[in-house]
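Here is a short report for a reader new to this structure. Look over the sequence and the model, then read on.

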Amino acid sequence: YGLRLDPDAYEQLLRERAAAAGIASSGQRLTDVERRSDGGVASLLIDGGRRLEADLYLDCGGSAAPLLSPVEDTFESWS
């Protein structure tokens with residue numbers, strides 16, 4: 001199955017759900033992605049040099065895929 005979500009409506013839904021869960025948006029831009037030795041995401045660097053670490057990262061950057069792009073060549077198919 002392939003699903004296509006309206007990007008603007010989905011963004012609004014995510015913002016509303018995040019706000020309801022007490023999550024605030026910084027509105028700052030991603031400047032770099034730090035990688036772990038296995039290619040996974042270690043942390044995100046945003047405007048002003050702030051470093052963010054998390055257990056789960058969701059790449060909502062559309063076709064630019066800023067979290068995936070640096071590791072595309074290390075893709076491992078599980079088919």
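Contact here means heavy atoms within 4.5 Å. Leaving aside neighbours within four places in sequence, V33 is in contact with V41, S43, L44, P66 and L67. This is a predicted model, where local features need pLDDT of at least 70, side-chain atom pairs count only at pLDDT 80 or more, and totals for chains, interfaces and linings use all residues. Residues are numbered from 1 along each chain as its sequence is written, and side-chain values use heavy atoms, with hydrogens and water left out.

**The core**

Which residues make up the largest nonpolar core? V33, V41, L44, Y57 and L67 do, 5 residues in all. A nonpolar core is a set of buried Ala, Val, Leu, Ile, Met, Phe, Trp, Tyr and Cys residues joined through side-chain atoms within 4.5 Å. Buried means under 20% relative accessible area, exposed means over 50%, and partly exposed lies in between (1.4 Å probe, protein chains only). In soluble globular proteins, nonpolar side chains tend to be buried together.

**The strands**

Helices (H or I, at least four residues) and strands (E, at least two) are DSSP runs, numbered from the N terminus. Two strands pair if DSSP finds at least two bridges between them.

Strand β1 covers residues 30-35 and strand β2 covers residues 41-46. They pair in the antiparallel sense over 5 bridges. L30 stands opposite I46 in β2, and E34 stands opposite S43 in β2. β1 and β2 form a hairpin with 5 residues between them. G39 in that turn has a positive phi of about 95°.

β2 also pairs with strand β3 (residues 50-52), again in the antiparallel sense, over 3 bridges. I46 stands opposite R50 in β3. This hairpin has 3 residues between its strands, and G48 in the turn has a positive phi of about 80°. β2 is mostly covered, with 5 of its 6 residues buried.

**Salt bridges**

A salt bridge is a side-chain nitrogen of Lys or Arg within 4 Å of a carboxyl oxygen of Asp or Glu. By this rule the count comes to 4 salt bridges. The table includes three of them.

| Pair | N to O distance |
|---|---|
| R15 and E11 | 2.9 Å |
| E34 and R51 | 2.7 Å |
| R51 and E53 | 2.5 Å |

R15 and E11 both lie in helix α1. They are 4 residues apart, about one turn of the helix. R15 is partly exposed at 44% relative accessible area. E11 is partly exposed too, at 39%.

E34 forms a salt bridge with R51. E34 lies in strand β1 and R51 in strand β3, so the pair ties together parts that are 17 residues apart in sequence. E34 is partly exposed at 26%, and R51 is partly exposed at 44%. E53, the partner of R51 in another salt bridge, counts as exposed at 56%. Salt bridges that share partners join E34, R51 and E53 into one network.

**A surface patch**

Patches are made of residues with over 30% relative accessible area and no salt bridge; like charges are joined within 9 Å, nonpolar side chains (Val, Leu, Ile, Met, Phe, Trp, Tyr) within 5 Å. Accessible areas come from the Shrake-Rupley method with a 1.4 Å probe, and for residues only the protein chains shown count as cover.

L5, Y10, L13 and L14 make a nonpolar surface patch of about 330 Å². Y10 sits in helix α1, residues 7-20. Y10 counts as partly exposed, at 37% relative accessibility.
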